[in-house]
Amino acid sequence: MGRAYQNKKLDMAKTAGAKTKVYSKYGKEIYVCAKNGGFDPDGNLSLRRLIDSAKKDQVPAHVIERAIEKAKGGGGEDYERASYEGFGPGGCSVIVDCLTDNGNRTWTEVRNCFNKTGAKIGSPGTVAHMFEHQAVFVFAGEDDEAVLEELMMADVDVVDVVSENGKISVFCPHTEFNNAKIALHASYPDAELEVEEITYVPQTDTEITEEHVEKFEKFLEMLEDCDDVQNIYHNGVLPE
C-alpha cells in the first residue's frame with residue numbers, strides 16, 4: 001500500500017447527543033452479533049471483537065450488557081444488513097454499511113444523503129472492487145520488517161506491514177484478525193493497539209479538491225446522522 005493506514009471515519013463526537021448515537025450503533029451491532037452467533041464472547045470471536053472495540057470507544061458496560069441480554073431474550077427487532085455504494089462529492093468511492101429493520105426507509109435516507117450533496121449512489125458492486133476487506137492494526141513502532149517477521153513466524157497471513165511517522169500499520173485478510181491480534185500481543189505485550197478492526201481498506205485515494213470539501217463533509221455528516229448507518233468507508237483525502 002505504501003502508506004500508513006488512515007482511519008477514514010469521522011472522529012468520535014464529544015457531545016452527549018453524538019455519544020448516544022455511538023452507543024446505539026454499538027448496541028445494535030452487538031445485539032445482532034450475539035443473537036446470530038452466540039452470547040459467549042469466548043465462543044463468538046466476532047462478539048469479542050465488537051465488545052473490545054466498544055470498550056475502546058468508551059461505550060458504557062451497561063450498554064453492552066443490555067444488548068447481550070436483549071439478544072438472549074430471543075425477541076426484539078429483526079435487523080438485516082444492507083450495503084450501499086456510490087461516488088461521493090469530489091468523485092471519491094463510498095461504501096455505506098447499515099443495519100436496518102426497514103429496508104425501504106434506510107434506502108430512502110441513504111439515497112437522500114447522496115442526492116442532496118451532489119453525490120451519486122450506484123448499484124451493488126459499483127465501487128466494492130476498489131476496497132479490500134481486511135483486518136487492520138496500528139501501534140507505535142519503527143521496525144516494520146521485524147513485525148512482519150514475527151507475524152510470519154506465527155503463521156499469520158499478512159498482506160502488508162507499513163512504517164510511517166512512528167506508527168506501524170499491519171494489514172491482514174479479515175479472517176486473520178484473531179490470529180494476528182494474538183501474535184501481536186505475544187510479540188509486543190507492551191504495545192497499545194491504537195486501531196484494531198475489520199474494515200474496508202481503499203486500494204487507491206481520491207484527492208478532494210477545495211471546491212468539494214464543504215459538500216464532502218456535509219455528505220459524511222448526513223450519513224452519520226442516519227440511525228441505520230453503522231459504518232462509512234471512503235477513499236477521499238482532504239487537502240492539508
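Axes here are lines fitted to C-alpha atoms, for helices over the stretch in contact, and the angles between their N-to-C directions run from 0 to 180 degrees. On that basis, helix 5 (residues 144-153) and helix 6 (residues 177-187) pack at about 120°, and their axes are 10 Å apart. The model is a predicted one.

**Helix 5 and helix 6**

- Angles of 65 to 115 degrees count as roughly perpendicular and those over 145 as roughly antiparallel. The angle of about 120° between the two axes therefore makes helix 5 oblique to helix 6.
- The crossing of helix 5 past helix 6 is right-handed.
- On the helix 5 side the contact is made by V147, E150 and L151, and on the helix 6 side by A180, A183, L184 and S187.
- By class, five residues of this contact are nonpolar, one is polar and one is charged.

**Helix 4 and helix 7**

- The axes of helix 4 (residues 103-115) and helix 7 (residues 210-224) cross at roughly 170° and come within 9 Å.
- Angles over 145 degrees count as roughly antiparallel, and helix 4 and helix 7 are therefore roughly antiparallel to each other.
- Helix 4 contributes V110, N112, C113 and F114 to the contact, where they meet F219, M222 and L223 of helix 7.
- Six residues of the contact between helix 4 and helix 7 are nonpolar and one is polar, with no charged residues.

**Helix 7: length, burial and its end residue**

- Helix 7 has 15 residues, which at 1.5 Å a residue should span 21 Å; the C-alpha atoms at its ends are 22 Å apart, in agreement with that value.
- V213, F216, F219, L220, M222 and L223 are the buried residues of helix 7.
- The cover over these buried residues includes helix 4 as well as strand 2 (93-100), strand 9 (229-234) and strand 10 (236-237).
- The C-alpha atoms of E224 and K21 are 8.9 Å apart, while the two residues are 203 apart in sequence.

**The loop between helix 5 and strand 5**

- D155 lies in the loop that joins helix 5 to strand 5, and V156 lies in the loop between helix 5 and strand 5 (160-164).
- D155 is not a glycine, yet it has a positive phi of about 60°.
- D155 is exposed, with 67% relative accessible area, whereas V156 counts as buried, at 6% relative accessibility.
- Leaving aside neighbours within four places in sequence, V156 is in contact with L151, C172, E176, N179, A180 and A183.
- Of these partners, L151, A180 and A183 also take part in the contact of helix 5 with helix 6.
- V156 and A183 are 27 residues apart in sequence, and their C-alpha atoms are 7.8 Å apart.

**The loop between strand 5 and strand 6**

- N165 is located in the loop between strand 5 and strand 6 (167-173).
- N165, which is not a glycine, has a positive phi of about 55°.
- The relative accessible area of N165 is 73%, and the residue is exposed.

**I198 in strand 7**

- I198 is part of strand 7 (residues 195-202).
- Residues up to four places away in sequence not counted, I198 touches R49, H133, Q134, A135, H174, F177 and Y233.
- I198 and D160 are 38 residues apart in sequence, with 15 Å between their C-alpha atoms.

**E69 in helix 3**

- E69 is found in helix 3 (residues 61-73) and counts as partly exposed, at 48% relative accessibility.
- The C-alpha atoms of E69 and D144 are separated by 42 Å, and the two residues are 75 apart along the chain.

Note on methods: Residues numbered from 1 in each chain as written. Predicted model: local features only at pLDDT ≥ 70, side-chain atom pairs only at ≥ 80, totals over all residues. Heavy atoms only, no water. Helix = DSSP H or I, 4+ residues; strand = E, 2+ residues; numbered from the N terminus. Parallel < 35°, antiparallel > 145°, perpendicular 65-115°, else oblique. Contact = heavy atoms within 4.5 Å. Nonpolar A, V, L, I, M, F, W, Y, C, P; charged D, E, K, R; others polar. Left-handed = near helix turned anticlockwise from the far one by under 90°. Expected span 1.5 Å × (residues − 1). Buried < 20%, exposed > 50% of the residue type's maximum accessible area, 1.4 Å probe, protein only.
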